[in-house]
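Please look over the sequence and structure first.

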Amino acid sequence: DIVIIVDTSSAMTFSQCKRQQEHVSEAMVMLKPVNNNKNVPNVRLAVLEMGEEDIYLRVDLNQLPYNRDTGNDGHREIIELFDLISQSGGCDLEKESEMLAREGNPNLYDA
């Protein structure tokens with residue numbers, strides 16, 4: 001089991017936020033490859049986004065179809081997972097001024 005914790009509390013531009021989420025998505029795809037080889041262990045992944053006040057559980061360890069064997073090679077699920085994470089993180093071009101005002105204090109106590 002692997003849990004990825006993403007700090008979404010730091011001040012950043014919209015393009016920086018999108019890059020951060022794409023990097024997280026790319027890391028997830030590397031950790032959870034398409035299962036064409038039954039000798040590869042089924043890695044379960046979770047993603048937590050830590051904002052200044054809120055914690056978002058984007059993917060939990062038991063979330064279907066990403067963390068369970070669906071009987072196929074998993075290619076479609078990995079693409080969906082990549083898209084889900086790359087499009088999250090509070091990246092909103094219309095709220096870029098709010099994103100730049102973040103103070104970088106993730107709410108780690110409630111994690």
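Threonine 8 lies in the loop between strand 1 and helix 1. Helices (H or I, at least four residues) and strands (E, at least two) are DSSP runs, numbered from the N terminus. This is a predicted model: local features need pLDDT of at least 70, side-chain atom pairs count only at pLDDT 80 or more, and totals for chains, interfaces and linings use all residues. Residues are numbered from 1 along each chain as its sequence is written, and side-chain values use heavy atoms, with hydrogens and water left out.

**Threonine 8**
- Threonine 8 is buried, with a relative accessible area of 7%.
- Buried means under 20% relative accessible area, exposed over 50%, and partly exposed in between (1.4 Å probe, protein chains only).
- A polar atom of the threonine 8 side chain lies 3.4 Å from the backbone nitrogen of glycine 51.

**Salt bridges**
- Side chains of opposite charge can pair when their charged atoms come close.
- The structure holds two salt bridges (a side-chain nitrogen of Lys or Arg within 4 Å of a carboxyl oxygen of Asp or Glu).
- Arginine 44 pairs with aspartate 1, and their closest N and O atoms are 2.6 Å apart.
- Arginine 44 sits in the loop between helix 1 (14-31) and strand 2 (45-50), and aspartate 1 in the segment before strand 1 (2-7), so the pair ties together parts that are 43 residues apart in sequence.
- Aspartate 1 is exposed, at 63% relative accessibility.
- Glutamate 49 forms a salt bridge with arginine 58; here the closest N and O atoms are 2.8 Å apart.
- Glutamate 49 is buried at 1% relative accessibility, whereas arginine 58 is partly exposed at 27%.

**Negative surface patch**
- Glu52, Glu53, Asp54 and Glu103 form a negative surface patch.
- Patches are made of residues with over 30% relative accessible area and no salt bridge; like charges are joined within 9 Å, and nonpolar side chains (Val, Leu, Ile, Met, Phe, Trp, Tyr) within 5 Å.
- Lys and Arg count as positive and Asp and Glu as negative, while His and the chain ends are not counted.
- Glutamate 103 lies in the segment after helix 3 (96-100).
- Glutamate 103 is exposed, with a relative accessible area of 63%.

**Glutamine 87**
- Glutamine 87 is in the loop between helix 2 (75-86) and helix 3.
- Glutamine 87 counts as exposed, at 58% relative accessibility.
- Glutamine 87 and serine 25 are 62 residues apart in sequence, and their C-alpha atoms are 9.4 Å apart in space.

Terms used: Accessible areas come from the Shrake-Rupley method with a 1.4 Å probe; for residues, only the protein chains shown count as cover. The place of a charge is taken as NZ of Lys, CZ of Arg, CG of Asp or CD of Glu. A polar contact is a pair of N or O atoms within 3.5 Å; within protein, one must be able to donate a hydrogen and the other to accept it, and residues adjacent in sequence count only if both atoms are side-chain atoms.
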